[in-house]
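Here's a walk through one structure, with a few spots picked out along the way. Have a look at the sequence and the fold, then read on.

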Amino acid sequence: MRHLMSPLDFTTEELDRLFDLANDIENHPAKYAHTCDSRILATCFYEPSTRTRLSFESAMTRLGGRVIGFADATSSSAAKGESVSDTIRVISGYADICAMRHPKEGAPMVAAEKSGIPVINAGDGGHQHPTQTLTDLLTIRSLKGRLGDFTIGLCGDLKFGRTVHSLINALIRYENIRFVFISPEELRVPDYITDMLKEKEIPFQEVIRLENVMPQLDLLYMTRVQKERFFNEEDYVRLKDFYILNADKMSLAKKDMLVLHPLPRVNEISVEVDSDPRAVYFRQAKYGVYVRMALILTLLELVP
Ligand code: CP
C-alpha cells in the first residue's frame with residue numbers, strides 16, 4: 001500500500017507516467033468513467049478548502065466512485081478530542097482511500113502510519129501540499145511542453161507558503177531551473193531551502209521588487225499572504241498588499257511567460273490580469289482534477 005505525503009514520494013519517471021495518465025484522462029474522459037465503480041474516497045478536511053477538497057470529490061465522482069467525508073473539524077469527532085490515528089483506523093473500514101488536510105504539520109503522516117488504506121496529504125500546516133505541486137507540475141508540463149530549462153519567480157509569502165516549499169522541492173529534480181524568490185524581508189523563503197539550493201548548486205536570487213525581475217521570468221508563481229499563518233493581525237495588515245500583479249507589471253514580462261497561482265487569491269493579482277492569455281491560474285485549478293484522478297487510479301492500482 002502506498003501513500004502520498006510529499007511530491008518526492010514519486011520518482012521523476014513515476015511523475016511522467018502520472019502526468020501522461022492525467023493528459024489521457026483529460027483527452028479521453030469516457031475511458032475512465034467507471035474505473036472506480038464501487039470505490040469510496042474519504043475527504044477528511046480539518047482546515048478550510050475549496051479547490052483541493054472539491055477537486056478530489058470531482059475526481060472520484062468522474063471515475064465512477066463515491067465520496068464521504070467532512071469539510072470542517074468542528075463537524076467531526078475531532079471536536080470531541082478524537083485523534084487522527086483513531087479517526088483513520090475507523091475510516092479505513094468505511095473507504096478505500098483518504099485525502100486529509102490538517103493544520104498540524106505531519107498529521108497526515110501520523111494517520112498514514114495507522115491507516116489500512118492509502119492516505120493522501122491534502123496540505124499539512126505550512127509544511128507540504130503535494131497534490132497542489134502535482135497540479136502545478138502538470139500545468140507547467142502541459143502548457144510549456146517541458147519540466148525544466150526555465151527561470152521561475154515565486155512571489156509573496158515564501159515563508160509560510162506550503163505550496164511554494166513543495167514546488168521548490170519538486171522542481172530541483174529537473175534540469176536547468178533557476179529560482180527567483182520575490183518577497184518582503186519578513187516572508188523570505190526559509191533558510192533550510194536556500195541552504196539546500198546552495199549545497200546542490202542550484203542558482204537562485206532573492207529580491208524584494210517584482211518589477212525588477214519580471215523581464216527574466218518564464219514562469220511567475222504568485223501566492224497569497226496567508227492570514228491564518230500569522231501570529232498577529234498587525235503584521236498581516238502591513239504585508240497583505242505588498243504585491244499586486246497588474247497589467248502594468250505584466251507589460252514588463254515575456255510574451256510567453258505564464259502566471260500561476262494555487263488560489264485562492266485575495267488582492268495579489270488584479271482581476272484585470274485574468275483576461276491576459278498568460279494568466280493560467282483557472283486552467284491550473286482544472287488540471288487539479290485530472291491529476292487527482294490519475295493519482296487515485298495510481299494509488300488504488302486501477303490504472304487501465
Ligand atoms: N490551492 C488550494 O489548496 O486551494 P484550497 O485551499 O481552496 O483547497
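## Salt bridges

Let's start with a cluster: Asp16, Asp20 and Arg141 are joined in a network of salt bridges (a salt bridge being a side-chain nitrogen of Lys or Arg within 4 Å of a carboxyl oxygen of Asp or Glu). Before going further, note that this is a predicted model, where local features need pLDDT of at least 70, side-chain atom pairs count only at pLDDT 80 or more, and totals for chains, interfaces and linings use all residues. Residues are numbered from 1 along each chain as its sequence is written, and side-chain values use heavy atoms, with hydrogens and water left out.

The structure holds 14 salt bridges. One of them joins the side chains of Arg2 and Glu14, at 3.0 Å from N to O. Arg2 sits in the segment before α1 and Glu14 in helix α1, so this pair ties together parts that are twelve residues apart in sequence. (Helices, H or I with at least four residues, and strands, E with at least two, are DSSP runs numbered from the N terminus.) Arg2 is partly exposed, with a relative accessible area of 31%; here buried means under 20% relative accessible area, exposed over 50%, and partly exposed in between, with a 1.4 Å probe and protein chains only.

Another pair is Glu47 with Arg162, whose side chains meet in a salt bridge of 3.2 Å, N to O. That one links distant parts of the chain, with Glu47 in the loop between β1 and α2 (51-62) and Arg162 in helix α6, 115 residues apart. Glu47 is buried at 11% relative accessible area, and Arg162 is buried at 7%. Then there's Glu206 with Arg188, where the closest N and O atoms are 3.0 Å apart. Glu206 is in strand β7 and Arg188 in the loop between β6 and α7, 18 residues apart. Glu206 counts as partly exposed at 33% relative accessibility, and so does Arg188 at 31%.

The buried residues of α1 are Leu15, Leu18, Phe19, Leu21, Ala22, Asn23 and Ile25, and they pack against α5 (130-144) and α11 (281-299).

Ala33 is in the loop between α1 and β1 (40-45) and is partly exposed, with a relative accessible area of 27%. Leaving aside neighbours within four places in sequence, Ala33 is in contact (heavy atoms within 4.5 Å) with Arg62, Leu63 and Gly64. Ala33 and Arg62 are 29 residues apart in sequence, yet 5.8 Å apart in space, C-alpha to C-alpha.

## Helix α7, one side in and one side out

Helix α7 (residues 191-199) has Ile193, Thr194, Met196 and Leu197 as its buried residues. They cover an arc of only 160° around the axis, which puts them on the same side of α7; the arc is that of the directions from the helix axis to the C-beta atoms. That buried set packs against α6 (162-171), β6 (177-182) and β7 (204-207). The face turned away from the buried side carries the exposed residues Asp191, Lys198 and Glu199.

Which residue just after α7 takes a positive phi? That's Glu201, at about 55°. Asn176, in the loop between α6 and β6, has a positive phi near 60° without being a glycine, and is partly exposed at 44% relative accessible area. Glu301, in the segment after α11, isn't a glycine either and has a positive phi of about 55°; at 69% relative accessibility, Glu301 counts as exposed.

There's a cis peptide bond too, running from Leu263 to Pro264, with omega near 5°. Pro264 is in the loop between β9 (258-260) and α11.

## A buried serine

Ser115 lies in the loop between α4 (107-114) and β4 (119-124) and counts as buried, at 11% relative accessibility. Not counting residues up to four places away in sequence, Ser115 touches Met1, His3, Ile88 and Ser92.
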